[in-house]
Amino acid sequence: MATNITFHPGAVTQDERDGLLGQKGATIWLTGLSASGKSTIATALEQHLLHKKLHAYRLDGDNIRFGLNKDLGFDQASRIENIRRIGEVSLLFAASSTLSVTAFISPYVSDRQLARDLHEKAGLPFIEVFVDAPLSVVEQRDPKGLYKKARAGEIKDFTGVSAPYEPPTAPEIHIRTDQVDVAGAVEIVVKYLLENGLISSV
C-alpha cells in the first residue's frame with residue numbers, strides 16, 4: 001500500500017454535483033454466468049438511458065481486460081483483483097453522478113460485497129442484478145464456444161464448469177433470461193430505478 005499520500009477533497013459536495021447535473025449516480029452491477037446475457041442487457045440498458053438524456057456508462061468484463069486489467073489472468077487471485085479494480089472504477093463513475101452499468105461474471109460473493117461496501121461507505125447506491133439462467137441454457141447458447149472448450153479441458157478455471165460461481169442470495173434485481181427477453185430485462189431495471197428515485201423519467 002502506498003504511503004505518504006493525502007486525500008484531497010473537491011470543492012463540490014455530492015448533493016451539489018447531483019443537483020448541478022440533474023442526476024444521481026449509482027452502480028448497476030450485473031453478475032451471472034458467461035452467456036447468461038449480462039453484456040447484452042448492459043448494452044441495451046446503457047443505450048436506453050442515454051437516449052433518455054441520462055449520463056450512463058457501461059463497463060464490460062471483456063472490454064476492461066483489453067486495457068485496465070490486461071495484466072490479469074483468470075486464476076482466483078486475478079479474478080479477485082479484477083473485481084476489486086472494477087469496484088473502485090464503478091465507484092468513481094457513480095460519484096461523478098453517472099449511472100455506471102457493469103457486466104462482470106464476478107463469481108465470488110465476497111468480491112461483490114466488497115464493491116457494495118465501497119459504495120455504501122461513500123453513500124452511493126449499489127444495485128446488484130443477478131442475470132440468471134440455468135447452466136444447461138447458457139451451455140446451449142455458448143456464443144463464444146467457451147463452454148465447449150472448458151468441457152474439453154482446453155480452458156482452465158472456467159466459471160460454472162471448473163471454477164465456482166456463487167449466486168447472489170439477496171440481489172436488488174433478479175432477472176431470469178430463460179424467461180424474459182432483453183427488452184423485458186431493461187424494463188425491469190428501469191422500473192427499479194424509477195421506483196427508487198434514481199431516475200425521474202423513462
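Buried residues have under 20% relative accessible area, exposed ones over 50%, and partly exposed ones fall in between (1.4 Å probe, protein chains only). By that scale, Glu 172 is partly exposed at 29% relative accessibility. This is a predicted model, where local features need pLDDT of at least 70 and side-chain atom pairs count only at pLDDT 80 or more, while totals for chains, interfaces and linings use all residues. Residues are numbered from 1 along each chain as its sequence is written, and side-chain values use heavy atoms, with hydrogens and water left out.

- Five strands make up an open sheet with parallel pairing, in the order β2-β3-β1-β4-β5; strands (E, at least two residues) and helices (H or I, at least four) are DSSP runs, numbered from the N terminus.
- Two strands count as paired if DSSP finds at least two bridges between them.
- β2 (56–60) and β5 are the edge strands, each with a single partner, so one side of each has no neighbour in the sheet.
- On average, neighbouring strands are turned by 20 degrees against each other, direction ignored.
- β2 and β3 (residues 99–103) run parallel and are joined by five bridges; Tyr 57 has Ser 100 of β3 as its bridge partner.

**Helices across the sheet**

- Helix α5 lies across β1 (26–31) and β4 (126–132), at about 155 degrees to β4.
- Helix α8 (residues 182–195) lies across β1, β4 and β5, and runs at about 170 degrees to β5.
- Here, contact means heavy atoms within 4.5 Å; axes are lines fitted to C-alpha atoms, for helices over the stretch in contact, with angles from 0 to 180 degrees between N-to-C directions.

**Salt bridges**

- A salt bridge is a side-chain nitrogen of Lys or Arg within 4 Å of a carboxyl oxygen of Asp or Glu, and the count by this rule is nine.
- Asp 71 and Arg 85 form one of them, at 2.9 Å from N to O. The two sit 14 residues apart, with Asp 71 in the loop between α3 (61–64) and α4 (76–95) and Arg 85 in helix α4.
- Asp 71 is exposed at 54%, whereas Arg 85 is buried at 18%.
- Arg 84 and Glu 81 also meet, with their closest N and O atoms 2.8 Å apart; they are three residues apart in helix α4, so about one helical turn separates them.
- A network of salt bridges links Asp 71, Glu 81, Arg 84 and Arg 85.
- Arg 116 pairs with Glu 172 at 2.9 Å, N to O. This pair joins helix α5 (residues 109–122) to the loop between α7 (146–151) and β5 (173–176), 56 residues apart.
- Arg 116 is buried, with a relative accessible area of 11%.
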